[in-house]
Amino acid sequence: LFRSPTLSWLELLDFWLMMRKLDQMTIQVPTDDPFACEHASEWDASTVQDFIRKYVWTTACQELLALTTRMVFGADPSCVSLLYALYYFYCGGGLLSLVETCEGSAQQFRIEGSTRELVQKLAEKIGAENLVCNSPVVSVDQTKESVKVLVQSGETYTAKYVILAIPPQETVKIEMDPPLPTPRRFLLSHMPVGHTTKCILTYETAFW
């Protein structure tokens, strides 16, 4: 059950209408090709802030959706494409699924000791001898058989798969073979990085 700060009956109605509208729009965005959506051009030219102005009419719900956008994307609603937000919601099982803490939702788990523990445990499993630090990647060469990664020192590493867990803008600095599609490079180079520090406070009861 989604528990938001206490809302009046009017605000609850607005919240329900807002979520219904988002759900109706979300299911129209194909996850394999968002731009195949009938309204792709219109929604991509709009922001989440535009949606708030157009469809949300109580201050409480406007602030609630704005806060949720900042929490999920690490960016202001005016900086997030509406099409991208709808696509992201669909991939995540819906907006509520992304912000809830119940079983199966995106916020279900917390890591004891902070997320640093995750990195340390992965390092222990991989083994310190298999970790290469302070070696910026210069290029990634992918074939049907393998992927070769060239680092700044001149060393090359070969693997079956490569995961690029880096900020989007850094991806375009790496030479790719085959190269990334032009629209993809343009998107990555113009995608702002969120500036957010997330803090989670827990209470025994929902006192509000």
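First, a definition for the strands and helices on this tour: helices (H or I, at least four residues) and strands (E, at least two) are DSSP runs, numbered from the N terminus. The model is predicted, so local features need pLDDT of at least 70, side-chain atom pairs count only at pLDDT 80 or more, and totals for chains, interfaces and linings use all residues. Residues are numbered from 1 along each chain as its sequence is written, and side-chain values use heavy atoms, with hydrogens and water left out.

**Stop 1: the sheet**

Select strand E2, residues 147-151. Its covered face holds Val147, Val149 and Val151. Lys148 and Leu150 lie on the uncovered face. In a regular strand the side chains alternate between the two faces of the sheet.

Two strands pair if DSSP finds at least two bridges between them. Four strands form an open sheet in the order E3-E2-E1-E4, and the pairing is mixed. Strand E3 (156-159) and strand E4 (175-177) are at the edges with a single partner strand each, so one side of each has no neighbour in the sheet. On average, neighbouring strands are turned by 15° against each other, direction ignored. For that angle, axes are lines fitted to C-alpha atoms, for helices over the stretch in contact, and angles run from 0 to 180 degrees between N-to-C directions.

**Stop 2: the pairings**

Which residue stands opposite Val140 in E2? Val149 does. Select both. E1 and E2 are antiparallel, with five bridges, and a hairpin of four residues joins them.

Stay on Val149 and look to the other side: Tyr157 in E3 stands opposite Val149. E2 and E3 also run antiparallel, joined by four bridges. Their hairpin has four residues between the strands, and Gly154 there takes a positive phi near 100°.

Move to E1 (residues 137-142), which runs parallel to E4 and is joined to E4 by three bridges. Select Ser139; its bridge partner in E4 is Glu175.

**Stop 3: two loops**

Select Asp177 and Pro178. The peptide bond between them is cis, with omega near 0°. Pro178 sits in the loop between E4 and H9.

Then go to Asn134, in the loop between helix H7 (116-126) and E1. Its phi is positive, near 55°, in a residue other than glycine. Is Asn134 buried or exposed? Asn134 is exposed, at 82% relative accessible area. (Buried means under 20%, exposed over 50%, partly exposed in between, with a 1.4 Å probe and protein chains only.)

**Stop 4**

Select Ser81, Tyr84, Leu187, Leu188 and Met191. Of the 26 residues lining the second largest pocket, these are the closest to its centre. (On a 1 Å grid over the protein atoms alone, a cavity is a set of points where a 1.4 Å probe fits but cannot get out; a pocket is an open set with protein on both sides within 12 Å along at least five of seven lines; lining residues have an atom within 4 Å of a point.) This pocket holds about 1000 Å³ of space. Grid points are joined across faces, edges and corners, and a volume is the space filled by probe spheres set on the points.

H9 gives the most to this lining, five residues. The lining divides into 20 nonpolar, four polar and two charged residues. (Ala, Val, Leu, Ile, Met, Phe, Trp, Tyr, Cys and Pro count as nonpolar, Asp, Glu, Lys and Arg as charged, and the others, Gly among them, as polar.)

**Stop 5: a cavity**

Finish with Leu22, Val48, Phe51, Leu65, Leu82 and Phe89, which line the second largest cavity. Its volume is about 30 Å³.
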